[in-house]
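Let's learn to read a protein structure together, one feature at a time. Keep the viewer open and follow along.

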Amino acid sequence: MYKKASLSLIFVILLLISYSIFIGTVDFRSYFFPLLQSPTDTPSLCAPSSPLRVYMYDLPRRFNVGMLNRRSPVETPVTALAWPPWPKNSGLKRQHSVEFWMMGSLLYEGDGAEEREAVRVSDPEIADAFFVPFFSSLSFNSHGHNMTDPDTEIDRQLQIDLLKLLRQSKYWQRSGGRDHVIPMTHPNAFRFLREQVNASIQIVVDFGRYPRIMSNLSKDVVAPYVHVVDSFKIDDTPDPFESRTTLLFFRGRTYRKDEGIVRVKLAKILSGYDDVHYERSIATDENIKLSSKGMRSSKFCLNPAGDTPSSCRLFDAIVSHCVPVIISDQIELPFENEIDYSQFSIFFSFKEALEPGYMVNQLRKFPKERWIEMWKRLKDISHHYEFQYPPKKEDAVNMLWRQVKHKLPGVKLAVHRSRRLKVPDWWRRR
């Protein structure tokens, strides 16, 4: 009797186990056959729950913050205790200061480490990526802004010295620089030797000046410009649509190169409208304040291409909660794998924008309810475009580091293939 009961119990247990395996609630592979687990069962190199481990080179201050105070003789690498504030009266230099905020985010040692997308590690052997704290954009802006100025020799020498240091690093040699992150947000940044760091992950604002073999979306990260107008902190008007009395606002330079020539044409197309403000101006402190005031009182802010496909004006509009009207056929936008710009922006092609009356008529017919939805969305996402120290959760710097993390699987693939391929570019010869 007991034998029969035992056999029945064993049968029931085996039946339950078989059913659990069939529906997937029990996986005995993980206990008895660990090598048969699927790739998704193993932890990711850069799991979303863990911050990116970044090794930052200790460069002399002349490569970075020394440019903010060129009178200081101190050359030792900067520390968190000695981290300076960004100069208040820096004008348009601020728009290309991504390099400053990324470096600061790695130096910061305060609270909130669990909310940061990247943390600095002192051991390069455990690093996922390597950060090169060279302020290439500030170097261009500081050392002879005119390309024929003799002071540009300082910028060139800094690039030569940096390349020498990197080529001596076994970690640069190990990957050919592919896992190294170098900010280059000014279109002329690193202009003398940029082709020699092509393999690195470059932080750029667009790809307007460079061929695909030098900079492209597959390996590089698109960053927002650092906005130069103050953020609109208290924007709680009961009826924002009616309180913003200007339909379309633009204030800035109208004579630009390349695609930016559209600005001159728009000046003629948009003249004569009472509800359109299109004004030529230069970026002085006073004019920046006037631009901020104009954006905050306008429903739509015009963002045509400049010398390159993008411009700082887009991000000024976002933090002013003014719905961007983007006219740039070749623009690339930051964080676009996470943010849908069509939810708070309007896009016109060059052809559409230059058709007399077309764009203004479309904006005048734009539904109030849809505009308010976009305005609310701008308020929801504007914190993603804030550069600040200390860094905060989901701010621009943390968003950038998350984008870097997304590039690393491709970096690993390229490094591993390069170690075994005898003919590295065989696919190009077919």
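Predicted model: local features only at pLDDT ≥ 70, side-chain atom pairs only at ≥ 80, totals over all residues.

Q: Which way do the side chains of strand S10 point?
A: In a regular strand the side chains alternate between the two faces of the sheet. Now look at S10: Val323, Val325 and Ile327 point one way, while Pro324 and Ile326 point the other way.

Q: Is S10 buried or exposed, and how can I tell?
A: A residue counts as buried when its relative accessible area is under 20%. In S10, which spans residues 323-327, five of the five residues are buried, so the strand is largely enclosed by the rest of the structure.

Q: Which strands are joined to S10 by bridges?
A: Strand S9 (residues 298-304) is joined to S10 by five bridges, and the two run parallel. Strand S11 (residues 346-347) also runs parallel to S10, with two bridges between them.

Q: What do S9, helix H10 and S10 make?
A: They make a right-handed β-α-β unit, with H10 covering residues 313-319.

Q: How many cavities of 30 Å³ or more are there?
A: Rolling a probe the size of a water molecule over the atoms shows where empty space is left. Here the count comes to three cavities of 30 Å³ or more. The largest cavity holds about 70 Å³ of space.

Q: Which residues line the largest cavity?
A: Among them are Met184, His186, Arg194, Asp206, Tyr210 and Thr308. By class, the lining has five nonpolar, three polar and three charged residues.

Definitions and conventions. Residues numbered from 1 in each chain as written. Heavy atoms only, no water. 1 Å grid on protein atoms, 1.4 Å probe; cavity = no way out; pocket = protein on both sides within 12 Å on 5 of 7 lines; lining within 4 Å. Points joined across faces, edges and corners; volume = space filled by probe spheres on them. Nonpolar A, V, L, I, M, F, W, Y, C, P; charged D, E, K, R; others polar. Buried < 20%, exposed > 50% of the residue type's maximum accessible area, 1.4 Å probe, protein only. Helix = DSSP H or I, 4+ residues; strand = E, 2+ residues; numbered from the N terminus. Pairing = 2+ DSSP bridges. Right-handed = clockwise from strand over helix to strand, strands pointing away.
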